[in-house]
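Please consult it alongside the sequence and the structure shown here.

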Amino acid sequence: MYNRVDIDLKSSNSFLKKVFLYMALGILVSFAVAFYTYDNYSMILFVSKYFSFLVIAEIAMVLSLSFALNKISSFVAKILFFAYSGLTGLTLSGVGLLYEPLAILYAFTITFVIFVVMTIFGYTTEEDLSSYRRFFTIGLISLIIIGFINIFASKYFNIGPLYWIGTILGVVIFTGLIAYDVNRIKHIAYEIAEENEEVLDKLSIIGALNLYLDFVNLFLYILRFFGRKK
């Protein structure tokens, strides 16, 4: 016979498995779409023509998942997540035009290793990493500001140092966010062990989305840092 603690632990472990499964599937979808698009001239033209629209659609999907979660079903949440992963794959296809294949593979390998290490740390640490929330919030805001400066000031000034500051900061922020999000998801898993399957499915999608964003953004920043442009 199982006691209450065993049942809650089994439920939380099942929730964590769903989070990592959905996240891994999302990464797989993105890179499969990116590879297919890169290898298809007509698709590359489509992406270049509608790139702004695709980015807006990505943002809309993330906002829908984040703010309308209580109003949509778990099935719709899954559709939005995988559609977002596919759209991200389309926009990522341009990476193949900018960087050498070996540099992309190298950056992906480093990202994967960092993700595994920080996931283990975030899951096994006894420390509650929620106290670092303000630090990551400030860091993300700083990255956005640096990004806008890079976009608008690069035409008039030499912003090389600022570019590399943003790149290093991005690697540090998203490396830390992996541990932070895994730690947060672990605590959520224990708190919602008694929730129904529908709620667990929707929350697992949100958890997967957070880890997916951490992974993809870390990959892009590492690619900037280590990659050699064509």
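Is I138 buried, partly exposed or exposed, judged by its relative accessible area? I138 is partly exposed, because its relative accessible area is 49%, where buried means under 20%, exposed over 50% and partly exposed in between, with a 1.4 Å probe and protein chains only. The model is a predicted one, in which local features need pLDDT of at least 70 and side-chain atom pairs count only at pLDDT 80 or more, while totals for chains, interfaces and linings use all residues. Residues are numbered from 1 along each chain as its sequence is written, and side-chain values use heavy atoms, with hydrogens and water left out.

**Overall architecture**

- The protein chain has nine helices and zero strands; helices (DSSP runs of H or I, at least four residues) and strands (DSSP runs of E, at least two) are numbered from the N terminus.
- Along the sequence, the pattern of the protein chain reads α-α-α-α-α-α-α-α-α.
- The protein chain has 230 residues, of which 42% count as buried.
- Of the contacts (heavy atoms within 4.5 Å) in the protein chain between residues at least 6 apart in sequence, 87% join residues at least 24 apart.

- Helix α3 runs over residues 51–67, has 17 residues and reaches 24 Å from its first C-alpha to its last, close to the 24 Å expected at 1.5 Å a residue; the expected span is 1.5 Å times one less than the number of residues.
- The buried residues of α3 include L54, A57, E58, M61, V62 and L65.
- These residues lie on the same side of α3, because they cover an arc of only 135 degrees around the axis, the arc being that of the directions from the helix axis to the C-beta atoms.
- In general, an α-helix has 3.6 residues a turn, so residues three or four places apart point the same way.
- S52, F53, I56 and F67 are exposed on the other side of α3.
- The cover over the buried residues of α3 includes α2 (41–49), α4 (74–92) and α9 (197–226).

- I138 is located in helix α7, which spans residues 133–153.
- V182 belongs to helix α8 (residues 160–191) and counts as buried because its relative accessibility is 3%.
- Apart from residues up to four places away in sequence, V182 touches F20, T119, G122, Y123 and L211.
- V182 and V19 are 9.7 Å apart in space, C-alpha to C-alpha, and 163 residues apart in sequence.
- G176 is also placed in helix α8, and its 16% relative accessibility is why G176 counts as buried.
- G176 and Y132 are 44 residues apart in sequence, with 9.3 Å from C-alpha to C-alpha.

- K18 is found in helix α1 and counts as buried because its relative accessibility is 19%.
- Not counting residues up to four places away in sequence, K18 touches E197, D201 and S204.
- F226 sits in helix α9 and is partly exposed because its relative accessibility is 39%.
- With neighbours within four places in sequence left aside, F226 is in contact with Y106 and I110.
- The C-alpha atoms of F226 and I110 are separated by 9.9 Å, and the two residues are 116 residues apart along the chain.

**The second largest pocket**

- The second largest pocket has a volume of about 310 Å³; a pocket is an open set of points on a 1 Å grid over the protein atoms alone, where a 1.4 Å probe fits, with protein on both sides within 12 Å along at least five of seven lines.
- The volume is the space filled by probe spheres set on the points, and grid points are joined across faces, edges and corners.
- The second largest pocket is lined by 14 residues, of which A34, F35, Y38, G96 and I104 lie nearest its centre; lining residues have an atom within 4 Å of a point.
- The elements giving two or more residues to this lining are α1 (4–38), α5 (95–98) and α6 (101–124).
- Helix α1 provides the largest share of the lining, four residues.
- By class, the lining has 10 nonpolar, two polar and two charged residues; Ala, Val, Leu, Ile, Met, Phe, Trp, Tyr, Cys and Pro count as nonpolar, Asp, Glu, Lys and Arg as charged, and the others, Gly among them, as polar.
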